[in-house]
Amino acid sequence: ADAAASALDIAYAVRRDYWQVLLNQETVKIALKNLQEQQERLRVDQVAFDAGKMPQYYVLRDKAEVADAQQGLTNATRDVDMALLRLRQDLGAPMDQPLALSDALVYEPGAPGTAADLTAEALHSRPEAQAAQARVEAAEREIAARRSAYNPQVAATGMVDGPATRGQDS
């Protein structure tokens with residue numbers, strides 16, 4: 001049960017890290033799109049400012065938004081790299097080995113169950129829970145066996161002498 005629990009823990013860690021990489025890659029896509037939108041807004045506002053139709057305040061604010069979007073993209077890229085390192089570590093793969101993920105993170109409505117249902121199923125099917133239950137049952141049986149040693153015991157003995165009494169009539 002302990003070996004099965006360790007295998008489940010490793011499988012869970014790999015799955016968690018794999019999906020975390022996919023999530024972080026989607027975050028990079030969002031951050032890149034945000035940066036492109038901020039750069040376009042800056043370009044439009046710069047043209048309007050150059051034409052004298054907009055105060056410089058808007059251009060400066062847009063420059064700050066572009067810088068913030070660039071920082072967000074840098075942070076998202078860093079998160080992908082860190083998640084890939086954790087995935088390699090859990091897989092036991094060399095850190096310099098490239099990993100190609102074959103899945104994409106897609107939202108599908110309809111969750112498999114409520115959190116309470118999934119928790120109950122996990123507790124029922126985990127080897128640790130089964131091993132703990134087996135240890136509890138073994139301890140209960142041992143307690144019952146030790147208590148039975150203190151119960152009163154009855155011993156009976158009997159003796160019959162068959163051949164000596166057969167031939168005599170009295």
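Me: Where is Leu23 found?
Reply: Leu23 is found in helix α1. The model is a predicted one.

Me: Why is Leu23 called partly exposed?
Reply: Its relative accessibility is 39%. Buried means under 20%, and exposed means over 50%. The value for Leu23 falls in between, so the label is partly exposed.

Me: What makes Leu23 part of a nonpolar surface patch?
Reply: Patch residues need over 30% relative accessible area and no salt bridge. Leu23 has 39%. Trp19, Leu23 and Leu105 make the patch, which is about 250 Å².

Me: How far apart are Leu23 and Ala104 in sequence and in space?
Reply: In sequence, 81 residues separate Leu23 and Ala104. In space, their C-alpha atoms are 8.8 Å apart.

Me: Why is the pair of Tyr18 and Trp19 called edge-to-face?
Reply: Planes over 60 degrees apart count as edge-to-face. Here the angle between the planes is 90°, so the label holds.

Me: How many aromatic pairs does a search of the whole structure find?
Reply: Two. One of them is Tyr18 with Trp19. Tyr57 and Tyr58 also pair, with ring centres 5.3 Å apart. Their planes are at 70°, so this pair is edge-to-face.

Me: What are the accessibility labels of Tyr57 and Tyr58?
Reply: Tyr57 has a relative accessible area of 54%, which is over 50%, so Tyr57 is exposed. Tyr58 has 33% and counts as partly exposed.

Me: Now the charges. How many salt bridges does a search of the whole structure find?
Reply: Seven. Among them is the bridge between Asp90 and Arg16.

Me: How do you know that Asp90 and Arg16 form a salt bridge?
Reply: The nitrogen must lie within 4 Å of a carboxyl oxygen. The closest N and O atoms of Asp90 and Arg16 are 3.9 Å apart, so the pair qualifies.

Me: What does the pair of Asp90 and Arg16 tie together?
Reply: Asp90 lies in helix α2 (residues 56–91) and Arg16 in helix α1 (residues 2–50). The pair therefore ties together parts that are 74 residues apart in sequence. Arg16, Asp17 and Asp90 are also linked in a network of salt bridges.

Me: Why are Asp90 and Arg16 called partly exposed?
Reply: Asp90 has a relative accessible area of 28%. Arg16 has 40%. Both values lie between 20% and 50%, so both residues are partly exposed.

Me: What makes Lys29 and Glu26 a salt bridge?
Reply: The N to O distance is 3.1 Å. The cut-off is 4 Å, so the pair counts. Lys29 and Glu26 both lie in helix α1, three residues apart, about one turn of the helix.

Me: Are Lys29 and Glu26 buried, partly exposed or exposed?
Reply: Lys29 has 53%, which is over 50%, so Lys29 is exposed. Glu26 has 25% and is partly exposed.

Me: How do you know that Asp62 is buried?
Reply: Its relative accessible area is 1%. Buried means under 20%, so Asp62 is buried. The side chain of Asp62 meets that of Arg61 in a salt bridge (3.8 Å, N to O). Arg61, at 34%, counts as partly exposed.

Me: Which other residues of α2 are buried?
Reply: The buried residues of α2 include Val59, Val66, Ala69, Leu73 and Arg88. Ala67 has 42%, so Ala67 is partly exposed.

Me: What comes just after α2?
Reply: Gly92, with a positive phi of about 80°.

Note on methods:
Residues numbered from 1 in each chain as written. Heavy atoms only, no water. Helix = DSSP H or I, 4+ residues; strand = E, 2+ residues; numbered from the N terminus. Buried < 20%, exposed > 50% of the residue type's maximum accessible area, 1.4 Å probe, protein only. Phe/Tyr/Trp six-rings, centres within 6.5 Å; stacked < 30°, edge-to-face > 60°. Patch = residues over 30% accessible without salt bridge, like charges linked within 9 Å, V, L, I, M, F, W, Y side chains within 5 Å. Areas by Shrake-Rupley, 256 points an atom, 1.4 Å probe, with all protein chains shown as cover.
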